[in-house]
Amino acid sequence: MTAQDMQRRNLLRWAGTGAVATAAGVVGLTGQAQAAPRASTDPRQTAREQANKAIVGRWFDGFWGPTYDPAIVEALAAPDMLLQYSLHVPRRGRTDIRAFMKDFRASFPNLAFAGTAPLIAQGDLVVGRWLGGGTHTGAAFSDFLLGSLPAATGRKMHFSGTTVLRLAGGRIVEEIGLDDGVTALTQLGLVAPIRA
Amino acid sequence: MSVQDDNKAIVGRWFTHFWGANFDPSIVDELAAPDMLLHYSLHAPRRGRADIKAFMAAFRASFPDLSFGGTAELIAEGDSVVGRWIGGGTHTGAAFGDMLAGPLPAATGRKMRFSGTTVLKVINGRIVEEVGLDDGVTALLQLGLLRITVAA
């Protein structure tokens with residue numbers, strides 16, 4: 001598969017516009033086919049809501065997908081965008097957001113996340129559910145709120161989450177996500193169960 | 001009122017009477033579809049009204065002051081409604097065995113307060129599915145079921 005095919009498939013996967021996404025199907029990181037997204041049947045869905053979903057689809061692909069394109073930050077992030085995930089220190093603004101992703105991928109070079117359900121949009125808000133992760137084969141990583149990893153632990157994380165994005169004027173203003181941190185941090189050895 | 005507004009009203013009532021400060025078991029018969037799936041990341045999944053009532057009865061027997069409330073407007077498209085919430089309770093009651101991370105003996109006195117995001121599917125005025133992600137790290141650290149292994 002060429003990079004372009006990959007790009008196209010990811011775009012379709014995230015597009016959330018039923019007909020196209022259904023035709024393409026969805027392939028998760030495990031390589032197993034998942035249920036194809038259902039077409040939106042909400043007759044009230046406005047052109048703006050559809051456009052917002054398309055923007056979030058491009059963002060998830062270009063920012064969170066297997067191939068990171070730093071130019072996506074200039075294109076789609078509002079200048080003072082807030083990026084806040086439960087596992088990580090919050091970031092504000094394009095420079096900070098690019099630094100976040102650069103460091104994340106320097107530590108987890110095969111980092112990739114993908115959607116698991118159609119996007120849900122109302123008004124300025126878009127909700128995405130996702131699954132993904134990566135292998136810590138790279139640099140030391142100190143951006144998790146609960147602990148640091150020394151370089152190349154070889155540990156793998158694969159976890160799900162739900163993200164709510166707010167858009168204004170065709171740009172992402174806010175991205176606030178909840179990670180399944182119990183799964184991720186246990187896999188990374190940063191937390192451990194206490195059994196009574 | 002659109003279907004989405006109706007769906008949001010249903011979820012609003014569900015959050016109040018199922019997850020709010022006062023649990024009203026009759027809300028399950030009224031708003032849950034007979035084979036409703038209830039699945040939160042901290043807990044074992046439940047299916048059907050009897051199982052869902054048993055889940056909440058046991059949860060509140062262990063955490064008598066259990067209460068959750070919304071933190072932002074509901075988001076609705078198609079059959080889906082998304083809610084963001086915060087809440088918790090104090091473990092002053094019975095032993096609790098429904099956390100996937102491990103059991104709590106009776107009355108540990110520990111408090112949990114955590115947030116989450118839930119996606120519900122509403123069809124013909126009934127909740128068919130409620131799938132939620134808990135901030136489990138926060139809850140389980142507070143409950144002493146999880147420990148941090150490495151210094152930040």
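In this predicted model, A:Pro193 counts as partly exposed because 13 C-beta neighbours lie inside 10 Å of its own, a count between the 12 or fewer of an exposed residue and the 20 or more of a buried one. A:Pro193 belongs to strand E10 of chain A. Its C-alpha atom is separated by 9.4 Å from that of A:Val182, eleven residues away along the chain. When neighbours within four places in sequence are left aside, the contacts of A:Pro193 are B:Ala101, B:Gly102, B:Leu145 and B:Leu146.

Three bridges link E10(A) with strand E8 of chain B, residues 146-148, and the two strands run antiparallel. Within this pairing, A:Ala192 is placed opposite B:Arg147 of E8(B).

Confidence may be considered next. The predictor assigns the complex an ipTM of 0.96 and a pTM of 0.88. Chain B has a mean pLDDT of 97, with 99% of its residues at 70 or more; for chain A the mean is 84, and 77% of residues reach 70 or more. In chain A, pLDDT remains under 50 over residues 1-39, for which the model has 62 contacts beyond four places in sequence. Where pLDDT is low, predicted coordinates should not be read in detail.

Notes:
Residues are numbered from 1 along each chain as its sequence is written. Chains are lettered from A and ligands numbered from 1 in the order in which they are written. This is a predicted model: local features need pLDDT of at least 70, side-chain atom pairs count only at pLDDT 80 or more; totals for chains, interfaces and linings use all residues. Two strands pair if DSSP finds at least two bridges between them. Helices (H or I, at least four residues) and strands (E, at least two) are DSSP runs, numbered from the N terminus. pLDDT is the predictor's confidence in each residue, from 0 to 100. Two residues are in contact if their C-beta atoms, placed from the backbone, lie within 7 Å.
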